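Me: I'd like to go through some helix packing and charge pairs with you. Could you explain the terms as we go?
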Amino acid sequence: MAYNILVVDDSETVRAVMAKAIEMSGAEVKTLLTAGHGEEALEILDREWVDLVFADINMPVMGGVELVKRMKADADMKNIPVVIVSTEGSATRIKGLMDSGVHAFLRKPFKPENLKAVIDEIMGKSK
């Protein structure tokens, strides 16, 4: 089954790297959508079917933590899995993110195979 994936990061370069890493990972992707911040992501989520969201923590307008909070408060979005992709990664920060409803944390920089493992784990595919 191919997935619709949304990548949310304020850096156009990071969005391009994520897209290339997802492609290189061999993950089955139907549509890859991108947004530059949380508000843009919510607009996309309002109009598009998305199976999985990858989001940065620190972004202008709306960061990843607020995005997750807003998604969890919306009946149509609350069950969409979110993976935070960030250089910020203290154990306390990661625990707080997981407690807020984040499904996984992926530290930048990452390898395509790590990305694929996260996608497979969250979407329920066996390895």
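Reply: Gladly! Helix axes are lines fitted to C-alpha atoms over the stretch in contact, with angles from 0 to 180 degrees between N-to-C directions. This is a predicted model, where local features need pLDDT of at least 70 and side-chain atom pairs count only at pLDDT 80 or more. Residues are numbered from 1 along each chain, and side-chain values use heavy atoms.

Me: What makes H1 roughly perpendicular to H5?
Reply: The axes of helix H1 (residues 12–25) and helix H5 (residues 112–123) cross at roughly 75° and come within 8 Å. Roughly perpendicular covers 65 to 115 degrees, while roughly parallel is under 35, so H1 is roughly perpendicular to H5.

Me: Why do Arg70 and Glu39 count as a salt bridge?
Reply: A salt bridge needs a side-chain nitrogen of Lys or Arg within 4 Å of a carboxyl oxygen of Asp or Glu. The closest N and O atoms of Arg70 and Glu39 are 3.4 Å apart, so the pair qualifies. Arg70 is in helix H3 and Glu39 in helix H2, 31 residues apart.

Me: What makes Arg70 partly exposed?
Reply: Buried means under 20% relative accessible area and exposed over 50%, with partly exposed in between (1.4 Å probe, protein chains only). Arg70 has 36%, so it is partly exposed. Glu39, with 28%, is partly exposed too.

Conventions: Helix = DSSP H or I, 4+ residues; strand = E, 2+ residues; numbered from the N terminus. Parallel < 35°, antiparallel > 145°, perpendicular 65-115°, else oblique.
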